[in-house]
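This briefing accompanies the structure shown below. Please keep the sequence and the model at hand while reading.

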Amino acid sequence: MDTLFFIAFPYVALILAIGVGIYRYFRHPYTYSSLSSEILEKRKLFWGSVPFHYGITVILLTHLLAALFPSAASWLLRGQIRRLVLELTGMALGLYALFGLIVLIIRRLAPKSLVQATTSYMDGIVLFVLLVQLGSGVGVAIFNRWGGLWYLDTAVPWFWSLASLHPDMSTVAALPALPKLHFLTGFVVILLFPFSRLVHLVMFPIQYLWRPYQVVIWNRRPAGTSPYSKEVSR
Amino acid sequence: MNIRSQVSMVFHLDKCIGCHTCSLACKNLWTDRPGTEYMWWNNVETKPGTGYPTLYEDQEQYDGGWVLEDGKLRLKLGSKKSQLINLAYNPRLPTLDDYYHPFTYRYSDLIDAPLGDDQPVARPISMITGEDMDIEAGPNWDDDLSGSPIYAANDPNLKALTEDERRRFFELQQLVYFYLPRMCNHCLNPSCVAACPSGAIYKRGEDGIVLVSQEKCQGWRMCVSGCPYKKVYFNWNSGKAEKCILCYPRMEMGEAPACMHSCVGKIRYLGVVLYDADRIEETASRPESELVEAQREMILDPFDPEVIRNALSSGIDRKIVESAQKSPIYKYVKQWRMALPLHPEWRTLPMLFYIPPLLPVTATLNQQGCYEMETDFFSSLESARLPIRYMASLFSAGDEEEVIAVYRKLLGVRIYKRAQTVGDISMETAQRALDEAHLTPEDVEGIYYLTALAGADERMVVPPFLREQVVELGIDTQAFQEERGAGFLYWPKRGL
Ligand code: SF4
Ligand code: SF4
């Protein structure tokens with residue numbers, strides 16, 4: 001059972017996420033959108049979207065960076081005070097994001113809400129899975145203390161074993177049910193990624209920072225002239 | 001010089017009758033789909049009024065357009081970084097409340113009603129949810145000054161007037177209004193393009209039409225806030241931004257845009273102008289009082305051999321240059337200096353120009369209840385019913401001289417033609433009026449012809465795009481074989 005959940009399933013989720021994600025990007029670029037509904041409802045969006053996005057971004061990045069650089073992370077966690085500060089910050093961010101997510105769910109479900117007109121089944125599934133994922137994450141932070149530390153010795157080696165194609169789940173097999181649920185839904189989120197609005201995550205338009213303000217595109221220029229060149233001979 | 005061509009427009013406001021035919025032609029053609037019900041790529045506003053969306057001109061609220069900071073152009077919306085930070089929630093985005101909740105009627109109520117003593121009524125329903133709703137606002141809720149204590153009284157441009165002038169304007173017999181048709185200005189320095197984080201909005205090199213790539217747009221909504229004219233709209237159904245496309249598919253077939261073609265008052269003029277693209281930034285960063293003149297300077301004389309040579313070497317086709325020579329826009333904007341941009345102080349260099357309306361300014365009555373042109377001419381602008389300052393706030397960033405100069409021309413043409421045809425004004429007076437307006441009799445004939453007599457193909461000089469024919473007739477068909485052309489290869493459906 002564990003093998004299915006912690007070895008087969010992660011691979012399936014990752015392969016689909018990457019494969020379908022790329023296929024969708026090239027084949028159906030039109031469907032890549034944040035699908036914002038701000039124009040329909042703005043007040044609740046503020047209280048939901050802002051905490052959720054900022055909270056989840058920081059948390060996600062921490063998870064990712066700690067997994068990529070475990071030694072740096074363990075150096076950071078040295079010392080009781082540091083550990084305490086980081087643990088509390090993590091918990092606060094988790095609660096912050098969770099609060100936002102709950103507001104977003106209420107916003108979608110509220111009777112007579114215009115947002116319902118744009119809500120798909122997939123949105124419902126995504127919100128539910130995210131709720132389980134964030135809820136279990138906050139739960140782990142509260143009931144299985146010092147996650148910052150044991151994460152590095154359990155989940156991270158498991159990630160690396162998956163990444164190096166020598167899957168070894170021994171480090172996570174013995175963990176309690178709550179962290180296991182958290183890991184599992186984590187991969188469910190990855191699985192949902194290419195099939196839902198979550199794709200907008202990889203579209204974060206960072207290239208905007210170094211692009212010139214104006215964009216000019218020519219339908220057609222004689223061969224050999226770049227679109228931005230000033231001297232065009234005919 | 002880096003010469004480019006731009007399809008540009010002039011609206012002659014004295015001729016607009018406020019019939020909204022233009023808006024409906026556009027709606028029927030382009031925005032008759034789920035998610036676009038509330039979009040009016042072309043709309044006609046009553047001025048004074050708050051416009052659409054409500055108070056869009058108030059940039060303290062919406063932060064649209066550009067501002068000068070230490071002589072450098074900067075988006076009023078904020079730095080690029082701050083926009084990326086605001087992706088999850090855009091504080092400057094108007095919501096449907098600022099537009100209106102789109103509605104239709106359940107017409108089946110009329111047919112299905114049981115037999116009874118009362119006349120059945122079709123209930124209004126929401127076009128978003130399909131449920132019953134109460135209509136609280138609609139497009140043109142303030143048409144012809146209706147609800148003026150709420151709408152017209154809050155027009156941001158009235159700030160330019162004194163308390164007394166404002167009060168006088170709202171007195172019953174003094175009321176005055178005119179129509180302002182608006183659409184995307186296809187600006188030379190578009191702030192919608194600059195605000196788009198994913199680079200989905202672009203200006204077409206050939207004709208300057210500003211378009212949103214539906215495939216690249218990811219629904220970050222910054223363009224809606226960035227455009228000070230609020231002429232980019234967000235499609236709540238597809239999750240993409242949409243805006244006026246200047247009917248480029250029609251123009252590529254040699255037809256004028258639908259709004260222009262259908263215009264009942266024949267107020268709309270279209271044609272290409274040549275301009276120097278190297279001067280965009282410098283022009284847009286001029287001090288406010290010079291903006292109108294600087295924009296005029298940027299537009300080049302298509303008859304000047306030097307300009308023609310440079311245009312050809314910049315890759316502009318000779319046919320386009322010829323089309324620019326026939327352009328009514330060049331005449332109105334540059335040669336006669338009669339057409340002004342709307343709110344140049346937003347620094348987007350809008351390429352839709354307006355000839356300000358004469359009537360609301362001059363129509364003051366004398367004791368006998370009529371007005372005399374001859375005596376009025378030299379004093380009417382000072383005693384105008386709607387103060388010139390109001391028009392200056394709309395069309396020249398507050399520079400009254402610029403607007404007065406246009407009015408002198410409009411009056412000069414009228415007086416001269418009246419002296420000619422009716423004969424109740426002496427030719428000396430008419431000549432004096434022309435001198436004040438800096439017009440020659442030939443100018444007057446030209447203005448008169450283009451304003452009153454010109455046919456459709458003289459008012460709307462569609463440049464020869466005809467892309468299919470160009471490929472087939474002029475160029476080797478193999479040359480562009482790799483190109484896919486426009487349009488979708490699949491039905492554009494909202495993503496999951
Ligand atoms: S009017 Fe607005 S939408 Fe149109 S080009 Fe200018 S900034 Fe962009
Ligand atoms: S169709 Fe022409 S006359 Fe009628 S409202 Fe539109 S611009 Fe004015």
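Which residue in β15(B) is the bridge partner of B:Leu340? The bridge partner is B:Tyr354. The model is predicted, so local features need pLDDT of at least 70 and side-chain atom pairs count only at pLDDT 80 or more, while totals for chains, interfaces and linings use all residues. Residues are numbered from 1 along each chain as its sequence is written, chains are lettered from A and ligands numbered from 1 in the order in which they are written, and side-chain values use heavy atoms, with hydrogens and water left out.

**Sheet in chain B**
- Five strands of chain B form an open sheet with mixed pairing, in the order β13-β12-β1-β15-β14; strands are DSSP runs of E with at least two residues, helices are runs of H or I with at least four, and both are numbered from the N terminus.
- β13 (299-300) and β14 (340-341) of chain B each have a single partner strand, so one side of each is left without a neighbour in the sheet.
- Two bridges join β14(B) to β15 (residues 352-355) of chain B in the antiparallel sense; strands pair if DSSP finds at least two bridges between them.

**Nonpolar cores**
- The largest nonpolar core has 170 residues, and those with the most contacts inside it include B:Phe11, B:Met183 and B:Phe395.
- A nonpolar core is a set of buried Ala, Val, Leu, Ile, Met, Phe, Trp, Tyr and Cys residues joined through side-chain atoms within 4.5 Å; buried means under 20% relative accessible area (1.4 Å probe, protein chains only).
- Not counting residues up to four places away in sequence, B:Met183 touches, among others, B:Phe11, B:Trp41, B:Cys259 and B:Leu352, contact being heavy atoms within 4.5 Å.

**Ligand surroundings**
- The residues around ligand 1 include B:Cys184, B:Cys187, B:Cys192 and B:Cys227, where near means a heavy atom within 4 Å.
- This shell around ligand 1 divides into eight nonpolar, three polar and one charged residue.
- Ligand 2 is surrounded by 14 residues, of which the closest are B:Cys16, B:Cys19, B:His20, B:Cys22 and B:Cys263.
- Around ligand 2 the shell comprises nine nonpolar, four polar and one charged residue; Ala, Val, Leu, Ile, Met, Phe, Trp, Tyr, Cys and Pro count as nonpolar, Asp, Glu, Lys and Arg as charged, and the others, Gly among them, as polar.

**Chain A**
- Chain A has nine helices and one strand.
- Of the 234 residues in chain A, 44% are buried.
- The C-alpha trace of chain A spans about 70 × 50 × 40 Å along its principal axes.

Terms used:
Buried means under 20% relative accessible area, exposed over 50%, partly exposed in between (1.4 Å probe, protein chains only).
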